[in-house]
Amino acid sequence: ASITVVSGVTEGQQAVEAILKNLSHLLTNERQLIKEAADAADEGTVAMLSELIGAQEKTSWMLNATLA
(Lines give C-alpha, C1' and ligand atoms only; values in the text may rest on other atoms or scores of the structure.)
Protein backbone atom coordinates (compact mmCIF):
# COMPACT_ATOMS: atom_id res chain seq x y z
CA ALA A 1 0.00 0.00 0.00
CA SER A 2 1.23 3.43 -0.82
CA ILE A 3 0.13 7.03 -0.71
CA THR A 4 -1.53 8.18 -3.91
CA VAL A 5 -1.02 11.67 -5.28
CA VAL A 6 -4.32 13.04 -6.50
CA SER A 7 -4.59 16.01 -8.81
CA GLY A 8 -7.42 17.83 -10.50
CA VAL A 9 -9.81 17.32 -7.60
CA THR A 10 -12.65 19.80 -7.89
CA GLU A 11 -15.26 18.29 -5.59
CA GLY A 12 -15.11 18.22 -1.81
CA GLN A 13 -16.37 14.65 -1.56
CA GLN A 14 -13.69 13.50 -3.99
CA ALA A 15 -11.02 15.20 -1.87
CA VAL A 16 -12.28 13.67 1.38
CA GLU A 17 -12.38 10.20 -0.20
CA ALA A 18 -8.77 10.56 -1.38
CA ILE A 19 -7.68 11.76 2.06
CA LEU A 20 -9.41 8.83 3.75
CA LYS A 21 -7.79 6.33 1.40
CA ASN A 22 -4.31 7.71 2.05
CA LEU A 23 -4.96 8.01 5.79
CA SER A 24 -5.94 4.34 5.82
CA HIS A 25 -2.59 3.43 4.23
CA LEU A 26 -0.74 5.51 6.83
CA LEU A 27 -2.62 3.86 9.70
CA THR A 28 -1.84 0.40 8.36
CA ASN A 29 1.88 1.23 8.19
CA GLU A 30 1.88 2.89 11.60
CA ARG A 31 0.19 -0.10 13.23
CA GLN A 32 2.95 -2.31 11.85
CA LEU A 33 5.58 0.11 13.12
CA ILE A 34 4.07 0.13 16.60
CA LYS A 35 4.29 -3.67 16.71
CA GLU A 36 7.95 -3.54 15.66
CA ALA A 37 8.70 -0.84 18.23
CA ALA A 38 7.01 -2.88 20.96
CA ASP A 39 9.01 -5.96 19.97
CA ALA A 40 12.17 -3.85 20.25
CA ALA A 41 11.05 -2.56 23.70
CA ASP A 42 11.17 1.02 22.35
CA GLU A 43 8.58 2.52 24.68
CA GLY A 44 9.17 6.10 23.50
CA THR A 45 8.31 5.21 19.93
CA VAL A 46 5.33 3.12 21.02
CA ALA A 47 3.95 6.06 23.02
CA MET A 48 4.51 8.52 20.16
CA LEU A 49 2.89 6.23 17.58
CA SER A 50 0.01 5.41 19.89
CA GLU A 51 -0.83 9.09 20.26
CA LEU A 52 -0.45 9.69 16.52
CA ILE A 53 -2.65 6.72 15.61
CA GLY A 54 -5.33 7.86 18.05
CA ALA A 55 -5.43 11.32 16.50
CA GLN A 56 -5.52 9.94 12.97
CA GLU A 57 -8.30 7.49 13.84
CA LYS A 58 -10.34 10.39 15.21
CA THR A 59 -9.70 12.37 12.02
CA SER A 60 -10.71 9.36 9.93
CA TRP A 61 -13.93 8.97 11.92
CA MET A 62 -14.80 12.64 11.45
CA LEU A 63 -14.10 12.55 7.71
CA ASN A 64 -16.22 9.40 7.33
CA ALA A 65 -19.03 11.13 9.21
CA THR A 66 -18.74 14.04 6.78
CA LEU A 67 -19.34 11.69 3.87
CA ALA A 68 -22.35 10.05 5.51
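What share of the contacts in the protein with a separation of 6 or more comes from residues 24 or more positions apart? The share is 48%. Keep that figure in mind as you go through this predicted model, stop by stop.

**Stop 1: the whole chain**

Start with a cartoon view of everything. You will find two helices and zero strands.

Of the 68 residues, 24% are buried. If you colour by charge, look for 4 positive and 9 negative charges, whose mean positions lie 6 Å apart.

**Stop 2: the nonpolar core**

Next, select Leu23, Leu27, Ile34, Ala37, Val46, Leu49 and Ile53 and show their side chains. Together these seven residues form the largest nonpolar core. Both helix 1 (12-39) and helix 2 (43-67) supply at least two residues of this core. Helix 1 gives the most, with four residues.

Zoom in on valine 46, one of the core residues. Beyond its neighbours within four places in sequence, valine 46 is in contact with Ile34, Ala37 and Ala38.

**Stop 3: glutamine 56**

Stay with helix 2 and select glutamine 56, which is found there. Is this residue buried or exposed? Glutamine 56 counts as buried because its relative accessible area is 13%, under the 20% cut-off. Show its surroundings, and apart from residues up to four places away in sequence, you will see glutamine 56 touching Leu23, Leu26, Leu27 and Glu30. Two of those names, Leu23 and Leu27, also belong to the core from the previous stop.

For a sense of distance, draw a line from glutamine 56 to aspartate 42. These residues are 14 apart along the chain, and their C-alpha atoms are separated by 21 Å.

**Stop 4: the loop between the helices**

Move to alanine 41, in the loop between helix 1 and helix 2. Check its backbone angles: phi is near 60°, a positive value in a residue other than glycine. As background, most residues other than glycine have a negative phi. Alanine 41 is exposed, with a relative accessible area of 56%.

**Stop 5**

Glutamate 17 has a relative accessibility of 39%, so it counts as partly exposed.

**Stop 6: serine 2**

Finish in the segment before helix 1, where serine 2 has its place. Which residues does serine 2 contact, leaving aside its neighbours within four places in sequence? They are Asn22 and His25. Draw a C-alpha line from serine 2 to histidine 25 and you get 6.3 Å, for a pair 23 residues apart along the chain. Serine 2 is partly exposed, at 49% relative accessible area.

How values were computed:
Residues are numbered from 1 along each chain as its sequence is written. This is a predicted model: local features need pLDDT of at least 70, side-chain atom pairs count only at pLDDT 80 or more; totals for chains, interfaces and linings use all residues. Side-chain values use heavy atoms; hydrogens and water are left out. Buried means under 20% relative accessible area, exposed over 50%, partly exposed in between (1.4 Å probe, protein chains only). Contact means heavy atoms within 4.5 Å. Lys and Arg count as positive and Asp and Glu as negative; His and the chain ends are not counted. The place of a charge is taken as NZ of Lys, CZ of Arg, CG of Asp or CD of Glu. A nonpolar core is a set of buried Ala, Val, Leu, Ile, Met, Phe, Trp, Tyr and Cys residues joined through side-chain atoms within 4.5 Å.
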